[in-house]
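Here is a short report on one protein chain. Take a look at the sequence and the model, then read on.

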Amino acid sequence: MIGGVAVLAVAAIGVTVAVVGIPNRGAAPEQEMIVSGAIEQPATNDSFEPRARFNMSLYSIDDPNSLWVVVNKLRPFDPPSFEPSGLVPVPVPYVNYAQLQEVASDAVVRMFADFESETGHQMQALSTYRSYAAQQQVYGGNDLLTARPGYSEHQTGLVIDIDAIPRTCSLQACFADTPQGSWLAENAWEYGFILRYPDGLTDITGYQFEPWHYRYVGIELSTEMHETGIQTLEEFFGLPAAPAYN
Ligand SMILES: [Zn+2]
């Protein structure tokens, strides 16, 4: 930098220091604007580009047909027997017959293929779409572990419970430590999925840590949640925490 002084705000330790004579990587956006015409910008200096404004109302969070529908213990399906349209068979290995909305199915296929090619391991669908009637069979009476019929996110056709091949830590917290579970935690957002019931957030989601349960929300929302670090749909959309049924 020629004859310029950039003020670098060091937010983490709360001090301000003057930086002289180095490229202005890390300068606050307003200083960036002031000096940007006067110096040569480093080719990789994109870390302070303003983020495109995220459209919070791109999809409904109330319509059960919406990619962003939020289903929890305070937000049941209406009608309770709602069935999504456009379910297709998911062409991946499965434990229970696998059906999802087509957009979610396509994302699962890509995600499973990339996982296998990157790691040499395999995974399979354990549970996908479940109808109201199927949820009646699944509900075991423990509200922290399974949803009551009419309240299960699986009824959207946008949710997959994932299992390792061979089966390891199925539906257990230790799935998080398998090659499958750890890869998913790191990479699923790139395919439009979020880990819907993260560790330590039972007071918000109403469910124990489920490192196998992934919800398709589309790449826009999964990316935004990844980049902002907001883990739950309830927090992201400013909805009440849903630790229990009314
Ligand atoms: Zn699940």
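A residue is called buried when its relative accessible area is under 20%, exposed when it is over 50%, and partly exposed in between, using a 1.4 Å probe and protein chains only. With 2% relative accessibility, S105 therefore counts as buried.

This is a predicted model, in which local features need pLDDT of at least 70, side-chain atom pairs count only at pLDDT 80 or more, and totals for chains, interfaces and linings use all residues. Numbering starts from 1 along each chain as its sequence is written, and side-chain values use heavy atoms, with hydrogens and water left out.

## Confidence and overall make-up

The predictor's confidence in each residue is its pLDDT, on a scale from 0 to 100. The chain has a mean pLDDT of 86, and 79% of its residues reach 70 or more. Residues 1-43 have pLDDT below 50, yet this stretch has 44 contacts in the model beyond near neighbours in sequence. Here a contact means heavy atoms within 4.5 Å. Residues 45-50 also stay under 50, and the model gives them six contacts beyond four places in sequence.

Helices (H or I, at least four residues) and strands (E, at least two) are DSSP runs, numbered from the N terminus. The chain has seven helices and eight strands. It has 246 residues, of which 43% count as buried. Take the contacts between residues at least 6 apart in sequence: 60% of them join residues at least 24 apart.

## Helix α2

S105 belongs to helix α2, which covers residues 102-119. Apart from neighbours within four places in sequence, S105 touches V88, P89, V90, P91 and L100.

How far apart are the end C-alpha atoms of α2? The expected span of a helix is 1.5 Å times one less than its number of residues. For the 18 residues of α2 that gives 26 Å, and the end C-alpha atoms are 26 Å apart, which agrees.

The buried residues of α2 are A104, S105, A107, V108, M111, F112 and F115. Seen down the axis, they fall within an arc of 160°, so they line one face of the helix. The arc is taken from the directions that run from the helix axis to the C-beta atoms. An α-helix has 3.6 residues a turn, so residues three or four places apart point the same way. Just after α2 comes G120, with a positive phi of about 80°.

## Helix α6

In α6, the buried residues are L221, S222, E224 and M225. They cover an arc of only 165° around the axis, which puts them on the same side of α6. Their cover includes β7 and α7. Just after α6, G229 has a positive phi of about 75°.

## The nonpolar core

A nonpolar core is a set of buried Ala, Val, Leu, Ile, Met, Phe, Trp, Tyr and Cys residues joined through side-chain atoms within 4.5 Å. The largest one has 38 residues, and M111, I162, F193, L221 and F237 have the most contacts inside it. Several elements supply at least two residues each, among them α2, β5 (122-127), β6 (159-165) and α4 (179-187). The largest share, six residues, comes from α2. In soluble globular proteins, nonpolar side chains tend to be buried together.

F237 is in contact with M56, I61, W68, V70 and L221, leaving aside neighbours within four places in sequence.

## Backbone angles and a disulfide

Most residues other than glycine have a negative phi, and most peptide bonds are trans. The table lists some departures.

| Site | Feature | Value |
|---|---|---|
| D78 to P79 | cis peptide bond | omega near 0° |
| I165 and P166 | cis peptide bond | omega about -5° |
| C169 | positive phi | near 55° |
| L171 | positive phi | near 55° |

P79 lies in the loop between α1 (29-35) and β3 (87-89). P166 is in the loop between β6 and α4. C169 is placed between β6 and α4, and L171 has its place in the loop between β6 and α4. At 46% relative accessibility, L171 counts as partly exposed.

Which cysteine is the partner of C169? A disulfide is a pair of cysteine sulfur atoms within 2.5 Å. C169 and C174 form one, with their sulfur atoms 2.0 Å apart. By this rule the count is one disulfide. The angle about the S-S bond is -115°, and the link of C169 and C174 is left-handed. C174 counts as partly exposed, at 29% relative accessibility.
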